[in-house]
Amino acid sequence: MADGKNQSLFKGRPIKILLAKPGIDGHDRGILVLAKAFRDAGMEVLYAGLLPTPEEVVETAVNEDVDVIALSLLNGAHMTVFKKVADFLKEKNINDISVVGGGTIPDPDKSKLEEMGITGNFGPGTTLSVIIDHVTKRAAEARELKML
Amino acid sequence: MLLLNTDRIVSGVLAGEKQSIARAISVVEDPRLSPESRQIIKGIYNHTGKAHVLGITGPPGIGKSTMIGMLSKMLSQKGHSVAVLAVDASSPFTGGSLLGNRIRMQESLSKFGVYMRSLANRGLSGGLSRSVWDSVMVLDAAGFDFIIIETVGAGQADLDVVYLADTIVVVLAPGLGDQIQAIKSGIMEIADIYIVNKMDREGSYIALKDIEEFLAYSVQGEWKVPVIGTNSLTGEGYEEYISRIISHRDFTGKDSRTRLRRYRYELKLALEDEMKQKIDSEIRRLVNENAIEDMMSSRTDPYTAAESILEDLLSSDSAD
């Protein structure tokens with residue numbers, strides 16, 4: 001590479017993130033606030049709209065080659081639906097897309113979600129900068145794996 | 001050394017694997033041309049040229065995304081494979097963007113296996129045409145029958161890559177004010193098909209008439225440009241729309257000039273990018289600290305300084 005040694009192919013490109021509320025849940029205020037916050041943080045943001053299935057979320061993430069999938073649910077179905085998203089990714093052998101979560105997630109569930117690779121799991125009232133920092137970190141991890 | 005296994009990506013694209021197609025587009029969509037981009041395009045180029053490329057353009061809010069949802073659904077139902085590239089604007093301030101076109105096409109995407117990819121323009125006009133067209137080539141090599149490019153064309157085309165399409169569709173809707181004003185500003189001469197969308201709205205027939213009248217006064221070639229009214233929610237007008245697309249495909253298929261024009265443009269884009277990279281690195285080399293300090297302390301104005309640098313450069317070239 002002409003311009004230095006540590007150049008990564010995806011370095012300096014905006015983070016690409018897919019926001020989704022899979023499952024039956026219409027509480028989209030939070031995710032819409034996040035969509036704007038991520039955009040204003042310089043990311044390329046895709047919003048899957050309301051009521052996509054976990055399959056659609058994974059398919060969209062693959063076709064758009066996103067770095068991060070951010071899931072939000074406030075209906076209590078996260079242990080079922082978030083898990084489905086993680087399972088579909090595993091089924092397709094995809095490890096270079098990070099998954100983060102958020103919504104009304106009780107503390108005992110957080111560690112279980114972490115085990116599935118779904119991190120963050122921020123609740124209402126979390127500062128936007130905390131979420132953005134976390135997404136940025138997870139996106140960097142995904143990008144490392146995309147280069148393999 | 002390449003940072004990515006481009007051979008694996010190329011063979012995946014040619015086999016039509018979604019993951020490889022998606023990764024290949026991620027590589028070539030970057031406005032900064034990388035060695036990996038070149039490698040991928042070199043690998044797939046001989047497999048391109050089979051798809052029919054539709055360029056759909058029109059002012060924002062006219063219903064292009066909804067239209068592409070309906071169009072791709074109906075084309076799929078007729079047995080064609082369809083891919084969509086939607087280009088959206090990035091914020092010039094933060095570089096971020098909200099890519100929202102997908103929502104309006106969700107049904108055709110999930111039920112009919114339409115491949116869709118959103119591209120942000122990343123605030124760059126230079127290099128964008130190449131990166132969008134390279135993405136089209138990836139989809140072409142992957143074997144899609146139809147590739148639809150969606151761009152916002154608010155007058156003077158900011159994205160001339162749409163002109164590379166085989167069939168260019170200009171979309172308008174009633175109630176935009178002076179229709180003809182909108183058409184005049186650069187996209188008039190280029191349309192192969194005119195669509196007046198939202199035909200359920202008031203004034204739609206006047207809009208149709210306006211365009212037909214405008215066309216009646218323009219010089220037309222062998223292809224008679226149709227004006228079709230559609231309603232993208234009900235599907236009204238789409239049978240005619242699709243049959244015109246197919247007949248335009250047959251029309252351009254016979255025309256060897258289309259192929260030649262495209263190849264000329266591809267070569268021009270590639271050459272521009274290669275030269276721009278060379279020039280950029282050359283400028284970085286020439287505008288070095290010592291030279292700048294000398295010139296500044298002797299209060300040389302920038303034009304004289306640039307002239308003397310260029311003179312030195314040209315004389316050293318001819319000495320070789």
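Reader: Which residue is the bridge partner of A:L46 in β3(B)?

Author: This is a predicted model, in which local features need pLDDT of at least 70 and side-chain atom pairs count only at pLDDT 80 or more, while totals for chains, interfaces and linings use all residues. Residues are numbered from 1 along each chain as its sequence is written, and chains are lettered from A and ligands numbered from 1 in the order in which they are written. β2(A) and β3 of chain B, residues 97-99, pair in the parallel sense over 3 bridges (strands pair if DSSP finds at least two bridges between them; strands are DSSP runs of E, at least two residues, and helices runs of H or I, at least four residues, numbered from the N terminus). In β3(B), the partner of A:L46 is B:L99.

Reader: Which elements of chain A give two or more residues to the side that touches chain B?

Author: The contact between the chains involves 24 residues of chain A and 30 residues of chain B, two residues being in contact if their C-beta atoms, placed from the backbone, lie within 7 Å. The elements of chain A that give two or more residues to this side are α1 (29-40), β2 (44-50) and α2 (54-64).

Reader: Against which elements of chain B do the buried residues of α2(A) pack?

Author: The buried residues of α2(A) include A:P54, A:V57 and A:V58, where buried means that 20 or more other C-beta atoms lie within 10 Å of the residue's own, with C-beta atoms placed from the backbone. Within chain A, the buried residues of this helix pack against β1 (16-21), β2, β3 (68-73) and α3 (78-91). From chain B, the elements they pack against are α2 (18-28) and β4 (115-120).

Reader: Is β3(A) largely enclosed or open, and how many of its residues are buried?

Author: A:V68, A:A70 and A:S72 point one way from β3(A), whereas A:I69, A:L71 and A:L73 point the other way, and all are buried. β3(A) is therefore largely enclosed by the rest of the structure, the number of its residues that are buried being 6 of the 6.

Reader: Which strand is joined to β3(A) by 6 bridges?

Author: On the side of β1(A), 4 bridges join that strand to β3(A), and the two run parallel, with A:A20 standing opposite A:L71. The strand that 6 bridges join to β3(A), also running parallel, is β4(A), residues 98-103.

Methods. Buried ≥ 20, exposed ≤ 12 C-beta atoms within 10 Å, placed from the backbone.
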